[in-house]
Amino acid sequence: MALTGMQIFKLLPKTNCGECGVPTCLAFAMNLAAAKAELSACPHVSSAARTELEEASAPPIRPVSIGSGPRTLKIGGETVLFRHEKTFNNPTGLAALVPADISPGELERKLKIWSFLQYERVGLQLRPELIALKDVSGDKQVFAQAARTIAETTEFNLVLMSADPEVLKAGIAVCGDKRPLLYAATKENLQPMADLAKARNVPLAVKARDPEELMERVKSLTDMGLKDLVLDSGARELKKLFEDQVLIRRAPLKAGIKALGFPTICFPCEMADNLDLETMMAALLIAKYAGIVVLSDFRGESLFPLLLERLNIFTDPQRPMTVTQGIYEINGPNEQSPILITTNFSLTYFIVSSEIENSRVPCWLLIMNTEGLSVLTAWAAGKFSGDLVGNFVKQSGIAEKATHKRIILPGYVASISGEVEEVLPGWQVTVGPREAALIPKFLKEYGKN
Ligand code: SF4
């Protein structure tokens, strides 16, 4: 449970030294309670108090990392039931299943295709993160060989799947530095799986028949000192799985049940006989709390919508996606190149900039900070008014890059053109098209004038 500001204050040194950036310990405590500060900012807090504060401020769903290096996947770490309450923090990991007895040629072919499936959207690189390698024959060498190929030839993180700890041991021996997720500890293999996960310091999935049994198993594993767990409630029927997912999210958040405070792994690949149905199930599971969703394949037509859905669900609803205010060069502009201006809402920027790129006309694009609002919304909110735009152009530094004084406004704010001209005497203001798709045609004609 989160501590109040006063509860936190009691644990601080109360010297008011100000080294944390605020003048008093009380102010710092209030900031900590409101999640506006990090405990690490106070160098004087005692280790006992630090432990107590860290435990109290730990998210109810434990964050679990899979992999290593820049492609490490973090799942869990969630603090709310609904996205609009605050935000969801760590996007669902998307995995594709590979049977370990796949032929080397077929594995290579799949890995090449899957590595290629990456998409740029609003400045972010969207891609799936995991391959789930499943033991099908109990052959340790075959399993290890496939694990090695995936680890050495791709940047995917791994889920190693087998009921036999010896098979997983062989797999982890060749890809341990990738910190794979081991799947799964069950009633039958609990102790050796726990020993292996502990010895290799890797996360461990735990599987049971239902959430109640899952709690018992988690309790046993945490008593053994394991912390990084991923839960499989065992459901392979959508309604039951949906109910389990909601229960596993609600229990730690609303009832403080720590034994269910871990991210989950779900297997649409075991619940449907075609990728379309799997994709629909995956879409539901991304929305309803899955930490990892395992599909039978990655195909562009199903993966891309899932990645987009995930992007939308895991962005902060209280903070619009923005780009940095400033001057952006597109297609190598010179001092005579046209100057356009728009707002810093990411989607607006990327649509406008990609249309300018398509036109092949060298341009300067001025991006004005409107706190992430799109053109019309920013104008309606008074954040893209004529005087603000004019003053921004003056201060932007564009006059040092371009020798002309002509600027193109977005078509939706034609009404501010007179005001902009008043603030920018000597400038010629042109109103551009309303729709970004018309920018290339507009720029080609603009260049002739
Ligand atoms: Fe108090 Fe620590 Fe901040 Fe100093 S650094 S004012 S001791 S909270």
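Tyr289 is found in the loop between helix α10 (275-287) and strand β12 (292-295), where helices (H or I, at least four residues) and strands (E, at least two) are DSSP runs numbered from the N terminus. The model is a predicted one, in which local features need pLDDT of at least 70 and side-chain atom pairs count only at pLDDT 80 or more, while totals for chains, interfaces and linings use all residues. Residues are numbered from 1 along each chain as its sequence is written, and side-chain values use heavy atoms, with hydrogens and water left out.

**Backbone features**

- Most residues other than glycine have a negative phi, and most peptide bonds are trans.
- Tyr289 is not a glycine, and yet it has a positive phi of about 80°.
- Tyr289 counts as buried because its relative accessibility is 9%, given that buried means under 20% relative accessible area, exposed over 50%, and partly exposed in between (1.4 Å probe, protein chains only).
- Glu371, which is not a glycine either, has a positive phi of about 60°, and its place is in the loop between β15 (363-368) and α13 (375-380).
- With a relative accessibility of 53%, Glu371 counts as exposed.
- The peptide bond that leads from Tyr183 to Ala184 is cis, with omega near 0°, and Ala184 lies in strand β8, which covers residues 181-185.

**Arg236 and its contacts**

- Arg236 has its place in the loop between β10 (229-232) and α9 (238-255), and with a relative accessible area of 23% it is partly exposed.
- Leaving aside neighbours within four places in sequence, Arg236 is in contact with Tyr183, Lys207, Phe267, Glu270 and Met271, where contact means heavy atoms within 4.5 Å.
- Arg236 and Met271 are 35 residues apart along the chain, while their C-alpha atoms are separated by 5.7 Å.

**Asp228 and its contacts**

- Asp228 lies in the loop between α8 (211-223) and β10, and at 17% relative accessibility it counts as buried.
- When residues up to four places away in sequence are not counted, Asp228 touches Arg62, Pro63, Val64, Arg179, Pro203 and Leu204.
- The C-alpha atoms of Asp228 and Pro263, which are 35 residues apart along the chain, are separated by 9.4 Å.

**The whole chain**

- The chain is divided into domain 1 (5-57), domain 2 (64-313) and domain 3 (326-446), with bounds that come from an automatic or database domain assignment.
- The C-alpha centres of domain 1 and domain 2 lie 36 Å apart, and the C-alpha atoms of the chain fill a box of roughly 80 × 65 × 35 Å, taken along the principal axes.
- The chain has 16 helices and 17 strands, and buried residues make up 50% of its 449 residues.
- Among the contacts in the chain with a separation of 6 or more, 66% are accounted for by residues 24 or more positions apart.
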